Amino acid sequence: TWTELAKGPSPRSNHVAAIVGNRLVVHGGNASSDGLVFDPLGDTWAFDLDAETWSQVTTSNDPPARLFHSATVGPDDASLVVYGGGDENAFTMFLHDMWVLQLAADGTSGAWTMLGQGASPPPGPSSADLVLDPARNRLVLWAGHEDNLLGNTNALWAYDLGGGSWSSLITGDLLTGASNGFCDFPADFVTPDLDSPERRSAGVAVLMDEGETLLIFGGKTDCGLINDVWSLNLADHVWTERSPATGGEICLRAFANCQTMCF
């Protein structure tokens, strides 16, 4: 049963949200309704799940305003971690930074701190999935759209919260040639990793099995929208297809119905 709750932040798209303690914390997004213009936001809001009220969070040391970013709860259940995304130039260039917002106990204020300074971050991406893997004290970053020649990716990365460094867990598809032009990709554009899900961005991911499994669904691929379900064992980094796609995969995958190669 759906219930409409109190009105809160201004209308927006391409923002992020995570449950932090007993609050739904929302950050950033795109204020523009014009598909040709991005208007990134940098504000943060908290919805108290007990009182069912919104409040804007007063923050310090704010990161650049952004959209298409990723977010998850921090390991202390009192912070929000934000990665990447883009600003008003997000058509071609993305942000490669990561920030953590430490919330005050009452949720009305907080301070931002940059994470991973000096660490070599993944190349982009925007519209990726970021989850906390508490059993291994790390953040896991999956898929997204890079600002290099590959575009959509199916790479899997981890950020060690103790050591403060990024590592590549699964490389995914390998770029083997350049495109012929905008939305014009040759058949040998990539060497696909058929043990991983199709390259994508703007999908969703959640943890299950008490945090031991990453479950992903859907997103946007080079071939259009996709509707598959895969799970990843976070202990051995092995993917398992749970529900095959009926569209949105490259033609090199079995039974794929690739209708377009435009991202």
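The model is predicted, local features need pLDDT of at least 70, side-chain atom pairs count only at pLDDT 80 or more, and totals for chains, interfaces and linings use all residues. Residues are numbered from 1 along each chain as its sequence is written, and side-chain values use heavy atoms, with hydrogens and water left out.

I noted how strands are named: helices (H or I, at least four residues) and strands (E, at least two) are DSSP runs, numbered from the N terminus. Two strands pair if DSSP finds at least two bridges between them. I found that β3 and strand β4 (residues 53-56) are antiparallel, with four bridges. Four residues separate β3 from β4 in a hairpin, and Glu52 in the turn has a positive phi of about 55°. I then checked strand β2 (residues 23-30), which pairs with β3 in the antiparallel sense over seven bridges. Val25 has Ala46 of β3 as its bridge partner. Eight of the nine residues of β3 (residues 40-48) are buried; buried means under 20% relative accessible area, exposed over 50%, partly exposed in between (1.4 Å probe, protein chains only).

**Trp112**

I located Trp112 in strand β9 (residues 109-115). Is Trp112 buried or exposed? Trp112 is buried, because its relative accessible area is 2%. I listed its contacts (heavy atoms within 4.5 Å). Leaving out residues up to four places away in sequence, Trp112 touches residues including His27, Thr44, Pro63, Leu80, Val82 and Trp99. Val82 is 30 residues from Trp112 in sequence, and their C-alpha atoms are 10.0 Å apart.

**Sheet β10 to β13**

I traced an open sheet of four strands in the order β10-β11-β12-β13, with antiparallel pairing. β10 (129-133) and β13 (165-170) are the edge strands, each pairing on one side only. From one strand to the next the twist averages 25°; axes are lines fitted to C-alpha atoms, for helices over the stretch in contact, and angles run from 0 to 180 degrees between N-to-C directions. Strands β11 (residues 138-142) and β12 (residues 156-160) run antiparallel and are joined by five bridges. Leu141 has Trp157 of β12 as its bridge partner.

**Strands β16 and β17**

I found five bridges between β16 and strand β17 (residues 213-221), in the antiparallel sense. Ala205 is bridged to Ile216 of β17. The hairpin of β16 and β17 has four residues between the strands, and Asp209 there takes a positive phi near 55°.

**Pocket and cavity**

Grid points are joined across faces, edges and corners, and a volume is the space filled by probe spheres set on the points.

The largest pocket has a volume of about 580 Å³. Its lining has 23 residues, with Ala17, Ala71, Ala128, Asp129 and Gly203 nearest the centre. β1 (16-20), β6 (70-73), β10 and β16 (204-208) each give two or more residues to this lining.

I found one cavity of 30 Å³ or more. The residues lining the largest cavity include Pro122, Glu146, Thr153 and Trp157.

Key
1 Å grid on protein atoms, 1.4 Å probe; cavity = no way out; pocket = protein on both sides within 12 Å on 5 of 7 lines; lining within 4 Å.
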